[in-house]
Amino acid sequence: MVMKLHSSITMRSRSSPVADRMPSRDMTSDSGESRSNSFYTHPNLLQMKNERMANRKRVYEFLKRIGIVPDELDGLELPVTVEVMKERVDFLHKLGLTIEDINNYPLVLGCSVKKNMVPVLDYLGKLGVRKSNLTEFLRRCPQVLHASVVVDLAPVVNYLQGMDIKPGDIYRVVETYPEVLGFKLEGTMSTSVAYLVGIGVARREIGGVLTRHPEILGMRVGRIIKPFVEYLKNLGMPSSAIARLIEKLPQVLSFELENSVKPNVKLLLECHVRQSSIPGMISQYPEIFGLDLESKLDCSQELLGSTVDMSPEEFGRALEKMPQVVSLNEKAVTRHVDFLKECGFSKEQVKKMVLVCPQLLALNINIMKSSFDYFKSSMNRPLDDLVNFPAYFTYGLETTIKRRHRMVVRKGISCSLSWLLNCSDERFEDRMSYDLVDMEVMEVNPADEANELIESPVEESEYEDDSDDDAYV
């Protein structure tokens, strides 16, 4: 028994160091307060919460002092100290953003300068976004400062390049429509492009269309694009013509259908424009959709009525042939009418010429003078030839008129101006290659002549220079 007792005492003494390290079961004092064996005291959750609230209050007070309303910042992770928040505000100021800009999108204050803003700005710089446009860019799309370059921005840029937008044009797209950087690839962007290709817009033209008007990427097909296209179809415009129209002027899709397009079509019909002519007018001058047309129509009709005695019905015919007539100002019209009168045409003849070829009111006066001088000195024709074919003035003097006139003179051919000019170079060469020219085919039906004239392109250099002579309003 003595041996057992000794053994028991020995085992207790060996186990005592472990027992000393074990926490005491009774950790409370008499007063019920906790006793800590640790040398350091950790704040409890309540203390941490109170400290965060105090820090946030100080940050809010700072923002209010400089004019920023922090109401929308509740729940947003913000800097703990006023110093860090001041650093963010100062950085935004350096980017050109004002207090008003920050108040318009206060969530930008949740962006870290080093983690968010600097990487995004570096990426935009690599894309080619110019510093001079950066402030306006951020005003329109401050959300980009929240974005991740790898997750959010780079995939959108890769998609744009996949749409055949040239790498050198990406910055143009982004500067013109910065909101595109916030779009999801599987959303509106892909559906709008797919619809345009579906109605006939050439796939190879998509890159150019989007470069000139990237806002298309944000247009909803069902709400904007499709109703516009369907309306044009109802006016009698075929899908192929609509596709060419969008390729030529993609901005046309931004004209408001109910507030601009339909009211303007109605105004044209009220001005004696035939509905069958509307599609052709749209193809010639799609910008007419976006004009304040009512006032322009009133002014143009009054102007042509006073200068060439054009009736309302005749004004409608002139509009059909050249819808741009609504943008001509009084100075340009008066100067062109006076020039024709100085050439020896009567007021009635001038009216007839303008009705057949309204382009006469927009051509470059100096080029018209040169063409008339050649007609008078070298072609030995009566003025009635110009009355019957006023489109003579729309052809290049050196490139077309002189060359063809010399050829018919060498051949000894007598023909109308229409036969001489109103055909392609290839067709004219074929005519000149014949040993005998059938004089009966030289004359063109006046109605056919007028229709061909509308479709035939006028050389761009022949038009009045807007910047020099204010031909357009």
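This is a predicted model: local features need pLDDT of at least 70, side-chain atom pairs count only at pLDDT 80 or more; totals for chains, interfaces and linings use all residues.

Colleague: OK. How many helices and strands are there in the protein chain?

Modeller: The protein chain has 25 helices and zero strands.

Colleague: And what share of the residues counts as buried?

Modeller: The chain has 473 residues, and 44% of them count as buried. As for contacts with a separation of 6 or more, 72% come from residues 24 or more positions apart.

Colleague: Let's pick a helix. How many residues does α5 have, and what span does it reach?

Modeller: Helix α5 covers residues 113-127, which is 15 residues. From first C-alpha to last it reaches 20 Å, close to the expected 21 Å.

Colleague: Which residues of α5 are buried?

Modeller: They are Val113, Met117, Val120, Leu121, Tyr123, Leu124 and Leu127.

Colleague: Why do gaps of three or four places matter in a helix?

Modeller: An α-helix has 3.6 residues a turn, so residues three or four places apart point the same way.

Colleague: Got it. What covers the buried residues of α5?

Modeller: The cover includes α3 (82-94), α6 (131-140), α7 (149-162) and α8 (170-176).

Colleague: You mentioned α3. Which histidine lies in that helix?

Modeller: Histidine 93 lies in α3.

Colleague: What does histidine 93 touch, leaving out residues up to four places away in sequence?

Modeller: Histidine 93 touches Thr98, Ile99 and Ile102. There's also a C-alpha separation of 9.8 Å between histidine 93 and threonine 135, and those two are 42 residues apart along the chain.

Colleague: Changing topic: how do α17 and α19 pack?

Modeller: Helix α17 (residues 330-342) and helix α19 (residues 365-378) pack at an angle of about 15°, and their axes are 11 Å apart. Angles under 35 degrees count as roughly parallel, and α17 and α19 are therefore roughly parallel to each other. Their crossing is right-handed.

Colleague: Which residues meet there?

Modeller: From α17 you have Arg335, His336, Phe339 and Leu340, and they meet Ile365, Met368, Lys369 and Phe372 in α19. Sorted by class, the contact of α17 with α19 has five nonpolar residues, one polar and two charged.

Colleague: Take isoleucine 365 in helix α19. Buried or exposed?

Modeller: Isoleucine 365 counts as buried because its relative accessibility is 8%, and the buried class is under 20%. The C-alpha atoms of isoleucine 365 and arginine 335 are separated by 8.4 Å, while the two residues are 30 apart along the chain.

Colleague: What about α11 and α13, at what angle do they cross?

Modeller: Helix α11 (residues 221-234) and helix α13 (residues 257-270) cross at roughly 10°, and their axes come within 12 Å. They are therefore roughly parallel to each other. In α11, Pro227, Phe228 and Tyr231 meet Leu257, Val261, Lys262 and Val265 of α13. That contact of α11 with α13 has six nonpolar residues, no polar ones and one charged.

Colleague: And α15 with α18, how are they oriented?

Modeller: The axes of helix α15 (residues 293-308) and helix α18 (residues 347-356) come within 9 Å and cross at roughly 140°. The two helices are therefore oblique to each other. Ser306, Thr307 and Val308 of α15 make the contact with Lys347, Val350 and Lys351 of α18. By class, the contact of α15 with α18 has two nonpolar, two polar and two charged residues.

Colleague: Where are histidine 272 and asparagine 380 found?

Modeller: Histidine 272 is in the loop between α13 and α14 (278-284), and at 33% relative accessibility it counts as partly exposed. Asparagine 380 lies in the loop between α19 and α20 (383-388). With a relative accessible area of 68%, asparagine 380 is exposed.

Methods. Residues are numbered from 1 along each chain as its sequence is written. Side-chain values use heavy atoms; hydrogens and water are left out. Axes are lines fitted to C-alpha atoms, for helices over the stretch in contact, and angles run from 0 to 180 degrees between N-to-C directions. Helices (H or I, at least four residues) and strands (E, at least two) are DSSP runs, numbered from the N terminus. Angles under 35 degrees count as roughly parallel, over 145 as roughly antiparallel, 65 to 115 as roughly perpendicular and the rest as oblique. A crossing is left-handed if the near helix is turned anticlockwise from the far one by less than a right angle, and right-handed if clockwise. Contact means heavy atoms within 4.5 Å. Ala, Val, Leu, Ile, Met, Phe, Trp, Tyr, Cys and Pro count as nonpolar, Asp, Glu, Lys and Arg as charged, and the others, Gly among them, as polar. The expected span of a helix is 1.5 Å times one less than its number of residues. Buried means under 20% relative accessible area, exposed over 50%, partly exposed in between (1.4 Å probe, protein chains only).
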